[in-house]
Amino acid sequence: MKPVLIIRTGRAPDRIRARHGDFPHWFRLGAGLHPQQLRIVDVAAGEALPAAQEVAGAIITGSAAMVTERLAWSERTAGWIRDAMDVELPLFGVCYGHQLMAHALGGRVDYLPGGREIGTQAIELSDAGAQDPLARGLPASFRAHTTHEQSVIEPPGGAAVLARSARDPHQLLRYGPHALSAQFHPEFNAEVMRAYIRRKHADIRREGADPQQVFSAVAATPIARRLLRQFSRHHRWTATTG
């Protein structure tokens, strides 16, 4: 069987990685995949991506980089995304991966007006989300973890906006029958979210928010976490029962 590709666009900070593991591990657990089902390619380290036809689908991770930097590895990955879309490969981008998919397909990415969004947020389904084959199983409002400075400011033409938060109107996008992306982090658990808030404590305070309040508001996000598993099952990467 073809492997599921994890396109690694960055790494978790050292202290978080030492205690909680790193992006591929979180995504593997979230999608319900076995290690032998995965192929991990670290594009930020210069590793080459396989042809889209050689994999069953791809998950694109978050990163500390910025899409607007137009780094060479990032732009090469954007080109790969376009090729993958041409063959209707199942794709799921998260945070940086979300922004990179939107950028690759003609959208605009820039800094989120008002500064970073971090912590557990209320996510609201749009009318399109309520009709979407994957998102329609979600409640009208659910919690999700976020940490980002940049965002999709303008989605690509033809993309459907499935969900929003109070700060970011483009939290969940669909680009085609097999391609979605989320600004929020379905792969995070509450402890990982708290670790990111601790790390960004000074930045949060400098930007005018109360880091303790943000920390105290962290809560479990079972609905958001379910989304990766549903995507995986929908594309038959993992079992549909259990």
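Hi everyone, let's start with a cluster: Phe23, Trp26, Phe188 and Tyr196 are linked by ring pairs. Rings of Phe, Tyr and Trp (its six-membered ring) count as a pair if their centres lie within 6.5 Å, with planes under 30 degrees apart called stacked, over 60 edge-to-face and the rest tilted.

A quick word on the source. This is a predicted model, where local features need pLDDT of at least 70 and side-chain atom pairs count only at pLDDT 80 or more, while totals for chains, interfaces and linings use all residues. Residues are numbered from 1 along each chain as its sequence is written, and side-chain values use heavy atoms, leaving out hydrogens and water.

How many aromatic pairs does a search of the whole structure find? There are seven aromatic pairs. One of them joins Phe23 and Trp26, edge-to-face, at 5.6 Å centre to centre and 65° between the planes. These two sit three residues apart in helix H2 (residues 23-31), so about one helical turn separates them. Helices here are DSSP runs of H or I, at least four residues, numbered from the N terminus.

Is Phe23 buried or exposed? Phe23 is buried, with a relative accessible area of 5%, and Trp26 is buried, also with 5%. Buried means under 20% relative accessible area, exposed over 50%, and partly exposed in between, with a 1.4 Å probe and protein chains only.

Phe188 and Tyr196 are buried too.

Finally, let's visit Gln230, in helix H9 (residues 222-234). Gln230 is buried at 18% relative accessible area. Leaving aside neighbours within four places in sequence, Gln230 is in contact (heavy atoms within 4.5 Å) with Leu134 and Leu138.
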